[in-house]
Amino acid sequence: MFDGLQGKLQDVFRRLKGEGRVTAETLDSALRQIRLALLEADVHIRVVKPFVERIRERAIGEQVLASLTPAQQVIKIVRDEMVELLGEPGAELKLEPRPAVIVLCGLQGSGKTTTCGKLSKRLRGMG
């Protein structure tokens with residue numbers, strides 16, 4: 001799921017970088033493509049709509065930093081919103097009381113078994 005989403009977002013950002021400057025039309029087009037990519041990745045519409053609106057508000061309301069092109073600024077805004085939505089990296093699992101139960105849910109082929117293996121290796125390393 002994340003691989004497909006990553007590829008689609010990279011396509012959007014590639015198109016933005018090709019623009020000399022980000023206009024309202026190119027921003028709307030990019031946000032539409034981001035919205036579609038998230039919906040295709042099974043992100044719920046109640047998450048997607050506010051996410052895209054926050055990006056729109058920040059992109060329109062922020063001054064472009066002197067060292068960044070407008071496209072880079074939009075990419076930074078999308079990244080910041082994704083981090084806020086998904087959480088800061090490095091948060092540790094709290095597995096009390098023991099034994100802890102972890103439930104993984106998802107569609108067929110969405111990576112549950114792979115995630116379980118990675119989680120197992122990480123937890124084994126933590127003792």
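## Helix α5

Helix α5 covers residues 112-125, and at 1.5 Å a residue its 14 residues should span 20 Å; the end C-alpha atoms are 20 Å apart, so the two values agree. The expected span of a helix is 1.5 Å times one less than its number of residues. Helices (H or I, at least four residues) and strands (E, at least two) are DSSP runs, numbered from the N terminus. After α5 comes G127, with a positive phi near 95 degrees.

## Model and overall make-up

This is a predicted model, in which local features need pLDDT of at least 70 and side-chain atom pairs count only at pLDDT 80 or more, while totals for chains, interfaces and linings use all residues. Residues are numbered from 1 along each chain as its sequence is written, and side-chain values use heavy atoms, with hydrogens and water left out.

The protein has 5 helices and 0 strands, in the order α-α-α-α-α from the N terminus. Of its 127 residues, 22% are buried; buried means under 20% relative accessible area, exposed over 50%, and partly exposed in between (1.4 Å probe, protein chains only). The accessible surface is about 9,400 Å², and carbon and sulfur atoms account for 56% of that surface. Accessible areas come from the Shrake-Rupley method with a 1.4 Å probe; for residues, only the protein chains shown count as cover. Among contacts with a separation of 6 or more, 53% are between residues 24 or more positions apart; contact means heavy atoms within 4.5 Å.

The largest nonpolar core contains 22 residues, and L5, F13, I34, F51 and V78 have the most contacts inside it. At least two residues of this core come from each of α1 (2-18), α2 (24-40), α3 and α4. A nonpolar core is a set of buried Ala, Val, Leu, Ile, Met, Phe, Trp, Tyr and Cys residues joined through side-chain atoms within 4.5 Å. Beyond its neighbours within four places in sequence, V78 touches F13, I34, F51 and I55.

The buried residues of α4 are A71, Q73, V74, I75, I77, V78, D80, E81, M82 and V83. The 17 residues of α4 should span 24 Å at 1.5 Å a residue, and the end C-alpha atoms are 24 Å apart, which agrees. Just after α4, G87 has a positive phi of about 100 degrees.

R54 belongs to helix α3 (residues 45-61) and is partly exposed, at 28% relative accessible area.

L86 lies in α4 (residues 70-86) and is exposed because its relative accessible area is 59%.

## Backbone exceptions in the loops

Most residues other than glycine have a negative phi, and most peptide bonds are trans. D42 has a positive phi near 65 degrees. D42 sits in the loop between α2 and α3 and counts as exposed, at 57% relative accessibility. The peptide bond from E96 to P97 is cis, with omega near -10 degrees; P97 is in the loop between α4 and α5.
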